[in-house]
Amino acid sequence: MALSVSSLASAFSHLSLPSTSAAQPPPVLRLLPSTRRAARLVLLASGADAAEPVEPEAPAADDGPEEVLAVEAEEDALSGLALRKYVKQRLPGGFAAQRITATGRRKMASARVVLQEGTGKVFINFREAKEYLQGNPMWVEYCKIPLATLGFENNYDVFVKVQGGGLSGQAQAICLGVARALLKISPANRVPLRSEGLLTRDTRVVERKKAGLKKARKRPQFSKR
């Protein structure tokens with residue numbers, strides 16, 4: 001069946017198409033040039049950044065282990081020297097020239113104790129008590145028991161010069177010396193200190209070895225036959 005040109009023209013004449021749809025080109029054709037241009041600019045910028053050489057940061061110079069140990073030893077020596085100067089400054093004229101002094105003994109240890117108004121610090125042989133007594137909490141507590149009994153643990157600084165015996169005997173000698181020094185502050189301190197047994201000299205010492213025995217009393221096994 002063949003259609004004539006006139007019939008086709010009459011059929012399309014009834015259709016009403018909007019004039020804008022045929023006039024405007026598809027949006028894809030307009031966006032493609034701008035998109036490609038933007039992408040090209042981005043690629044060019046990234047290539048320019050990559051072309052610039054970046055200098056790596058120089059690593060920090062690490063000190064060797066020997067240099068670190070030397071610095072730490074120097075700091076420790078300075079701190080010990082500063083502490084010794086501080087104690088000597090607090091005790092003008094030495095231990096014998098102070099007003100509140102006392103001596104405590106235990107086993108073979110002898111401690112000379114000086115009390116001064118302060119904040120409760122304890123110095124033994126120009127060193128801090130915790131450092132000198134190797135951080136043992138029981139031995140450190142021995143030095144502060146008399147002050148804590150009277151409520152003076154934060155009112156006085158204790159300066160000690162001790163010799164002889166071991167650390168345990170030295171700590172107990174300091175305890176007796178501090179208790180005796182507190183009596184010079186006020187005679188009224190005798191009653192609470194005596195009730196706690198802090199003014200009693202502990203005379204117990206190690207018994208000497210005897211001839212023919214292994215120790216003070218231990219002897220070899222006896223065999224009758």
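Two strands pair if DSSP finds at least two bridges between them. Helices (H or I, at least four residues) and strands (E, at least two) are DSSP runs, numbered from the N terminus. This is a predicted model, in which local features need pLDDT of at least 70 and side-chain atom pairs count only at pLDDT 80 or more, while totals for chains, interfaces and linings use all residues. Residues are numbered from 1 along each chain as its sequence is written, and side-chain values use heavy atoms, with hydrogens and water left out.

The open sheet has five strands in the order β1-β2-β5-β3-β4, and its pairing is mixed. Its edge strands are β1 and β4 (127-128), each of which pairs on one side only. Helix α7 packs on this sheet and touches β1, β2, β3 (122-124) and β5; contact means heavy atoms within 4.5 Å. The direction of α7 makes about 150 degrees with that of β1, where axes are lines fitted to C-alpha atoms, for helices over the stretch in contact, and angles run from 0 to 180 degrees between N-to-C directions.

β1 and β2 form a hairpin with two residues between them, and K107 in the turn has a positive phi of about 55 degrees.

Q170 lies in α7 (residues 167-185). Q170 counts as buried because its relative accessibility is 6%; buried means under 20% relative accessible area, exposed over 50%, and partly exposed in between (1.4 Å probe, protein chains only). Not counting residues up to four places away in sequence, Q170 touches A109, Y132, V162, Q163, G164 and G165.
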